[in-house]
Amino acid sequence: MMHEQGQSDSRVKPERAPNKALSRGGAGGKAAGQGEDATAPHTPDAGPEEGMLTAMARIRAAVKREPEGQLTALYHHVYDMTQLRAAYLGLKRGVAAGVDGETWQHYGQNLEANLQELSGRLRRGAYRAEPVRRVYIAKADGRQRPLGVPALEDKIVQSVVSQILTVIWEEEFVGFSYGFRPGRSPHQALAALAVGIQEKRVNWVLDADIRGFYDTLSHEWLVKFVEHRIGDRRMVALIQKWLKAGVLEEGRWAPSEEGTPQGSLVSPVLANVYLHYAFDLWVQQWRKRKAHGDVIVVRYADDFVVGFEHCEDAERFQGELAERLAKFNLQLHAEKTRLIEFGRWAVAKRVRRGAGKPETFDFLGFTHICGKTRSGRFVVLRQTMRKRMRAKLKAIKMELKRRLHVPLPDQARWLASVLQGHYQYYGVPLNSRALATFRYRVVALWKRALERRSQRQRLTWERMERLARHWLPNPRICHPYPSLQRLLVKT
């Protein structure tokens, strides 16, 4: 958000990386590749989590000590046994296997030997990245989203690298960036957006969408951005191995000339690094140098919303943003990018013009609407997106068919967990009606599924409501009203 402290305009120029390489790196010592990093300080008796925290603390100290230089001794952290062990233990257990077919449980049966062998390959430079296995998941609009499933050892190494990259760039990332960052969440981004629109003079909102961001980002630019802070050649080469590993789909391998697969553990932080230079720093400079009124920005991964006081600023920004993104092989999605009149005075202005109610926009699963409290104060209403609700109900219906003959208590516990998760995310103030609607429809789907189990007796709504009261939680608001003071404390 605009009121949060950002970075100075004199910072990084993303078009070129500095040539200066620091002699002091993540743990001190010479540049990687000269043999010194293997003898970096290590605490063999420390547990996995303690060892990981110690290593990350050393890197963080080096970043703060040299805030504008390159870190040249990072790679030894990647093949450190403590880091690899902690990364393995931090992986999700029951996820699908990659092209290697290796599962978490099987790999762990001989864990120490497997990690020692992996560490040796990393140290010698013999580690090879496997192609990601391409799978598809259904999106709310009916389309298919491609995901990449990495091999297990790639996940382990990527987990270590992603933590290192996060520690380095957390010192640089700007305040309005919320996606995939430690201590930040989608609801903080939603709160920042609501507070910005309600507290600042926002009259226009640019609801923007980058077309296929993860599939089109430039490898060349990404490497340049990484090299801005990382002078360790082996670390950069490791990231390039993942970028060039390719994709395996239906038994056929395809090269990856651009993009980074969604599903890769290192992709979120690489995406944040890319947009930090391609978008965030540019937006900060544009807001300070060219805007004539208030401008607010909230970005979560590749989704972002920008609010403006003046329409002229908004139109100029949209045009220049398209030019800026094109420089980095990105483009706005023409059909999903809209500039709409929205804010405190939008209703009155549109009524005077006979233009009807203000348009709405979607962000992070919520439809944002110009509304008022009972006392007449302007408020940004956030309601569950209808297509998200429809998609979730469709998924529940399919799963109930699969669980048709599962004992009723087991069905009920599963549905209760689904509702609880829904309330945890969508339980924001003034969204109670949508929560109640979702629960009612879940109960109706459950009733229909139970009726299919027995053709002899029809289940009445009275009995169904008793079942629902006994097993299923009622809607509840889990998040507080957006507050500037609360937001500043958290971020």
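Author: Strands here are DSSP runs (E, at least two residues), helices being H or I runs of at least four, numbered from the N terminus. This is a predicted model, with local features needing pLDDT of at least 70 and side-chain atom pairs 80 or more, while totals for chains, interfaces and linings use all residues. Residues are numbered from 1 along each chain as its sequence is written, and side-chain values use heavy atoms, leaving out hydrogens and water.

Reader: Which residues point the other way from Val-295, Val-297 and Arg-299 in β6?

Author: In a regular strand, side chains alternate between the two faces of the sheet. In β6, the residues facing the other way from that trio are Ile-296, Val-298 and Tyr-300.

Reader: Which residue in β7 stands opposite Val-295?

Author: β6 pairs with β7 (residues 303-308) in the antiparallel sense over six bridges; pairing takes at least two DSSP bridges. They form a hairpin with two residues between them. Opposite Val-295 stands Phe-308.

Reader: At roughly what angle do the axes of α15 and α16 cross?

Author: Axes are lines fitted to C-alpha atoms over the stretch in contact, with angles from 0 to 180 degrees between N-to-C directions. For helix α15 (residues 408-426) and helix α16 (residues 432-453), the axes come within 11 Å and cross at roughly 165°. That makes the two helices roughly antiparallel (over 145 degrees), the angle being roughly 165°.

Key. Buried < 20%, exposed > 50% of the residue type's maximum accessible area, 1.4 Å probe, protein only. Parallel < 35°, antiparallel > 145°, perpendicular 65-115°, else oblique.
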